[in-house]
Amino acid sequence: MRKNSVKNTRVNGEVHRVLAEVIRGEIKDPRINPMTSVVSVEVAPDLKTCKAWVSVLGDEDSQRDTIEGLRSAEGYIRSLLAKKINLRNTPEIRFILDQSIAYGVSMSKKIDDINRADDERHVEEHDDSCLEWHEQ
């Protein structure tokens with residue numbers, strides 16, 4: 001099976017859906033933040049390994065604890081995955097912390113701050129030019 005074949009794309013989607021479902025509803029580890037989402041999944045063409053990128057809404061400690069909790073529950077998650085998806089091999093899952101959502105939020109905030117500062121500067125310049133016009 002090629003890496004970007006239709007079958008591999010379907011397997012990735014199904015593993016993504018089931019992983020998100022399992023993490024959201026079936027794991028009771030207190031280290032795992034309830035605001036954890038599976039961003040992307042990439043199953044190897046031989047179905048032996050799987051990379052799962054997860055995003056955690058919270059501080060660095062919460063993110064680190066969540067990844068540790070997911071890694072410790074990896075065997076349990078894998079067994080649930082085997083029960084819910086009929087694959088020849090159940091892939092070994094490697095959880096990777098995805099910072100893209102946090103990065104996007106941070107960049108959006110910076111852009112908003114710059115736009116706000118720029119708007120304030122334009123208002124001040126406009127007020128100054130109006131004062132000069134009235135003084136003439």
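Me: Which residues form a negative surface patch here, and how do I read such a patch?

Reply: A patch joins residues with over 30% relative accessible area and no salt bridge, linking like charges within 9 Å and nonpolar side chains (Val, Leu, Ile, Met, Phe, Trp, Tyr) within 5 Å. Asp and Glu count as negative, Lys and Arg as positive, while His and the chain ends are not counted. Each charge is placed at NZ of Lys, CZ of Arg, CG of Asp or CD of Glu. A salt bridge puts a side-chain nitrogen of Lys or Arg within 4 Å of a carboxyl oxygen of Asp or Glu. In this structure, D59, E60, D65 and E68 make up the negative patch.

The model is predicted, with local features requiring pLDDT of at least 70 and side-chain atom pairs 80 or more, whereas totals for chains, interfaces and linings use all residues. Numbering runs from 1 along each chain as its sequence is written, and side-chain values use heavy atoms, without hydrogens and water.

Me: Where does E60 lie, and is E60 buried or exposed?

Reply: Helices (H or I, at least four residues) and strands (E, at least two) are DSSP runs numbered from the N terminus. E60 belongs to helix α2 (residues 60-72). Buried means under 20% relative accessible area, exposed over 50%, and partly exposed in between; a 1.4 Å probe is used and only protein chains count. E60 is exposed because its relative accessibility is 63%.

Me: Which residues gather in the patch of positive charge?

Reply: Those are K7, R10, K48 and R88. K7 sits in helix α1 (residues 6-25), and its 47% relative accessibility is why K7 counts as partly exposed.

Me: Which residues make the nonpolar surface patch?

Reply: V39, I101 and V105 do, over about 240 Å². Such areas come from the Shrake-Rupley method with a 1.4 Å probe, where only the protein chains shown count as cover for residues. I101 is part of helix α4 and is partly exposed, because its relative accessible area is 43%.

Me: What about L47 and its phi?

Reply: L47 is not a glycine, yet has a positive phi of about 65°. L47 falls in the loop between β1 (36-43) and β2 (49-56); with a relative accessible area of 4%, L47 is buried.

Me: Where is confidence lowest and highest in the protein chain?

Reply: pLDDT is the predictor's confidence in each residue, from 0 to 100. Helix α4 (residues 100-135) has the lowest mean, 75, and strand β3 (residues 92-97) the highest, 94. The chain averages 86, with 88% of the residues scoring at least 70.
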